Amino acid sequence: MRLILKAVSHAYDGLHALGPVDLTVGAGRIVAVVGPSGCGKSTLLGIAGGLIRPTSGEVLSAGAAPEGCLNPLTYVFQDFALLPWRTVAKNVALPLEGRGLGAAEVRARVADALARTGLADFAGAVPRQLSGGMRQRVGIARALAVSPAVLLMDEPLSALDAQTRELLIEDLVALHGRAPFSALYVTHNLIEAVRLAHEVVVLSRRPGRIREVVQIDTPLDERAADGAGMAALADRLWRSIRDEAATADREVQHG
Ligand SMILES: Nc1ncnc2c1ncn2[C@@H]1O[C@H](COP(=O)(O)OP(=O)(O)OP(=O)(O)O)[C@@H](O)[C@H]1O
């Protein structure tokens with residue numbers, strides 16, 4: 001399934017926050033959205049997922065969702081959003097509840113999501129027993145359990161330290177290698193964007209409009225070995241948004 005944003009714009013009480021933006025997330029593609037603080041990245045993600053109704057423009061989907069898809073557009077949150085009293089397996093099962101699925105199907109979906117994210121041995125643990133990286137793996141497993149068409153990822157690694165972030169990047173690359181997923185991936189971290197995205201969309205400062213789209217053809221699993229190439233690409237992206245970021249920063253500080 002493709003997710004298509006057509007000329008979406010958004011204003012909050014007269015504050016023009018975003019757009020117009022045209023953007024497509026193709027099947028199996030990871031599209032990163034980067035840009036200065038306050039340029040409308042989270043607004044864009046909220047519009048993509050139907051949480052925010054755009055002031056103008058529309059969100060469309062084309063093509064069939066994956067087999068067994070229960071929720072085509074599924075969020076992965078920055079703060080993991082786990083229920084602390086539930087085990088890992090029960091957190092992953094949460095979005096499967098109330099859908100009329102049989103117990104065997106719930107078990108199978110949970111087992112599959114845990115296996116894909118390397119969590120099978122932690123099914124009975126509760127979140128406080130896990131590191132931050134493991135908790136976000138649970139967040140990702142919970143999203144995968146519904147067989148989404150497109151993952152909507154809002155700074156999913158930003159609460160993690162640099163080492164853990166690197167491990168999770170490698171996890172996501174491996175996950176994508178085994179079974180390609182589609183994602184719209186909002187991040188401040190340009191290294192994360194160039195390691196994970198097939199396409200990086202650079203937004204201008206508010207109101208966020210597309211300034212540049214950078215296609216990255218290097219296969220995801222070859223990027224870790226090309227540290228210098230990836231750093232150069234991240235640097236190029238940073239130069240593209242630097243002046244906008246500086247201006248946006250002054251605007252954020254001075255209201
Ligand atoms: N609910 C809201 N009501 C009013 N203004 C809002 C609301 N949500 C966001 N804004 C404003 O809209 C603009 C875009 O916000 P948004 O959170 O989408 O940007 P962002 O690029 O995700 O920001 P950041 O990089 O800081 O996470 C900002 O100026 C923000 O203050």
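**Exercise 1. How many helices and how many strands are there in the protein chain?**

Before starting, note that this is a predicted model, in which local features need pLDDT of at least 70 and side-chain atom pairs count only at pLDDT 80 or more, while totals for chains, interfaces and linings use all residues. Residues are numbered from 1 along each chain as its sequence is written.

Solution. Step two is the count, which gives 7 helices and 9 strands in the protein chain. Step three concerns the overall form: the radius of gyration, taken over C-alpha atoms, is 18 Å, close to the 18 Å that the globule rule gives for 255 residues, so the chain is as compact as a globular protein of that length. That rule is 2.2 Å times the number of residues to the power 0.38. Along its principal axes, the C-alpha trace spans about 50 × 40 × 35 Å.

**Exercise 2. Describe the shell around the ligand, and state which element supplies its largest share.**

Solution. A residue is near a molecule if its C-beta atom, placed from the backbone, lies within 6 Å of it. The ligand is surrounded by Tyr12, Leu15, Ala17, Ser37, Gly38, Cys39, Gly40, Lys41, Ser42, Thr43 and Arg206. Turning to the elements, β2 (15-25) and α1 (41-48) each supply at least two residues of this shell, and the largest share, 3 residues, comes from α1. By type, the shell divides into 4 nonpolar, 5 polar and 2 charged residues, where Ala, Val, Leu, Ile, Met, Phe, Trp, Tyr, Cys and Pro count as nonpolar, Asp, Glu, Lys and Arg as charged, and the others, Gly among them, as polar.

**Exercise 3. Decide whether Ile216 is buried or exposed, and list the residues that Ile216 touches.**

Solution. First, locate the residue: Ile216 is found in the loop between β9 (210-215) and α7 (227-254). Next, apply the criterion, by which a residue is buried if 20 or more other C-beta atoms lie within 10 Å of its own, exposed if 12 or fewer, and partly exposed in between, with C-beta atoms placed from the backbone. Ile216 counts as buried because it has 20 C-beta neighbours inside 10 Å. Finally, with contact meaning C-beta atoms within 7 Å, and not counting residues up to four places away in sequence, Ile216 touches Val194, Ala197, His198, Val200 and Leu233. Ile216 and Leu233 are 17 residues apart in sequence, and their C-alpha atoms are 9.2 Å apart in space.

Terms used:
Helix = DSSP H or I, 4+ residues; strand = E, 2+ residues; numbered from the N terminus. Contact = placed C-beta atoms within 7 Å.
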